[in-house]
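Thanks for coming. I will go through one protein chain, starting with the whole and ending with a few single places. Please have the sequence and the structure open.

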Amino acid sequence: MQNPYLPYPVRIEDIITETEDKNLKTFKLVFLDPEDEKKFNYRAGQFAELSIAGKGEIPIGIASSPTEKGYIMFTVNKVGLVTSHLHNMKPGDIMGVRGPLGNWYPWDVMEGKNIVIIGGGFAFTTLRSSVVYMLDPANRPKFKDIHVIYGARSPGMLLYRDELAQWETRDDIHMHITVDATDDPDWPYNVGFVPTVTDDKAPAGDADTYAIVCGPPIMIKFTQPVLDKRAYAHDHIIMSLEMRMKCGIGICGRCNIGKEYVCKDGPVFTLDQLNRMPKEY
Ligand SMILES: Cc1cc2nc3c(=O)[nH]c(=O)nc-3n(C[C@H](O)[C@H](O)[C@H](O)COP(=O)(O)OP(=O)(O)OC[C@H]3O[C@@H](n4cnc5c(N)ncnc54)[C@H](O)[C@@H]3O)c2cc1C
Ligand code: FES
């Protein structure tokens, strides 16, 4: 059996600076051994541990979709030690990826349903993976209406801007991009906070509609009552938690909430499950 702590070696193929403050970069990584790519068989919603030799290891959501072949992608916010080292790396540099880890959005359960993606700030990473996955020609017929509500502080803080613009032109996805504020008189999308746009644009909740919600705590706090008002059942609201982690495989006990290990039993939980867990997240 392979050592679960051993990362796959990968080469940085490309680095894209996503936001105007330059604190968010997307890293496109290629497996040195193509056999490793086959073993790294992931679903949208999972994460991996990214490692830099001698510097450390960090859990990061997988931003690419399993339908995108030949590379994997991660979007990383520069906040501290390891993320700063990563931001200083260059295309061609070698690093490690361990995973895929954790559970994923419940794709089997959500087949045949309406999907409402609600994201804020840089938590849009695994939501990008989800949208790309659902829009793949082989998968799009499996879902009914797809809505995407995505907000950032300003236009320059939105991730994946070229892709968002491309999705806007499609008629098989309802895009509701928003910013908290902008000076741009030609800004073509919404201005307002994610909960307000959710109230305006999200379809009403019913047995056929699931919401996947990822964002900063303040966004979650104000979006949840809106979804309640719009009659979303708590087992139809899916969230992803970001806890401090170490092993990522349910061994070290660093990430547990009550008896649940966020790294192994999560990071994806329904709001119904979270309601029954101690409020430690
Ligand atoms: C399942 C999961 C998915 C994640 N996905 C992403 C992602 O897609 N993109 C992204 O940029 N970040 C993501 N994070 C957060 C990321 O893991 C941390 O920002 C990172 O570990 C910080 O490492 P550092 O060495 O640079 O920071 P440190 O030097 O260790 O700390 C700097 C600051 O970051 C905070 N911090 C450290 N570790 C974490 C952590 N695990 N979660 C939250 N805050 C932390 C510290 O409290 C401190 O304020 C994810 C975390 C988890 C658990
Ligand atoms: S990070 Fe070790 S048990 Fe979850």
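Of the 281 residues in the chain, 51% are buried. Keep in mind that this is a predicted model, and the numbers I give are computed from it.

Next, the surface. The chain exposes about 13,100 Å², and carbon and sulfur atoms supply 52% of that area.

What about secondary structure? How many helices and how many strands does the chain have? There are eight helices and 15 strands. If you want dimensions, the C-alpha trace spans about 50 × 45 × 35 Å along its principal axes.

Now contacts. Take the contacts in the chain with a separation of 6 or more: residues 24 or more positions apart account for 69% of them.

You will find Gly 215 in the loop between strand E11, residues 209–214, and helix H7, residues 217–229. Gly 121 is 94 residues away from Gly 215 in sequence, yet their C-alpha atoms are 6.3 Å apart in space. If we leave out residues up to four places away in sequence, Gly 215 touches Gly 120, Ala 123 and Ile 220.

At the other end of H7 there is another loop, which runs to strand E12, residues 237–240, and His 236 lies in it. Is His 236 buried or exposed? Its relative accessibility is 12%, and the cut-off for buried is under 20%, so His 236 counts as buried. Its contacts, apart from neighbours within four places in sequence, are Asp 206, Ala 207, Thr 209, Tyr 210 and Ala 211.

Last, a pocket. I have picked the second largest pocket, with a volume of about 250 Å³. Its lining has 14 residues, and those nearest the centre are Ile 16, Glu 18, Tyr 160, Asp 162 and Glu 163.

Which elements supply at least two residues each of that lining? They are strand E1 (8–17), strand E2 (24–31) and helix H5 (161–168). H5 gives the most, with three residues. By type, the lining of this pocket divides into seven charged residues, five nonpolar and two polar.

That is where I will stop. Questions are welcome.

Key
Residues are numbered from 1 along each chain as its sequence is written. Chains are lettered from A and ligands numbered from 1 in the order in which they are written. This is a predicted model: local features need pLDDT of at least 70, side-chain atom pairs count only at pLDDT 80 or more; totals for chains, interfaces and linings use all residues. Side-chain values use heavy atoms; hydrogens and water are left out. On a 1 Å grid over the protein atoms alone, a cavity is a set of points where a 1.4 Å probe fits but cannot get out, and a pocket is an open set with protein on both sides within 12 Å along at least five of seven lines; lining residues have an atom within 4 Å of a point. Grid points are joined across faces, edges and corners, and a volume is the space filled by probe spheres set on the points. Helices (H or I, at least four residues) and strands (E, at least two) are DSSP runs, numbered from the N terminus. Ala, Val, Leu, Ile, Met, Phe, Trp, Tyr, Cys and Pro count as nonpolar, Asp, Glu, Lys and Arg as charged, and the others, Gly among them, as polar. Buried means under 20% relative accessible area, exposed over 50%, partly exposed in between (1.4 Å probe, protein chains only). Contact means heavy atoms within 4.5 Å. Accessible areas come from the Shrake-Rupley method with a 1.4 Å probe; for residues, only the protein chains shown count as cover.
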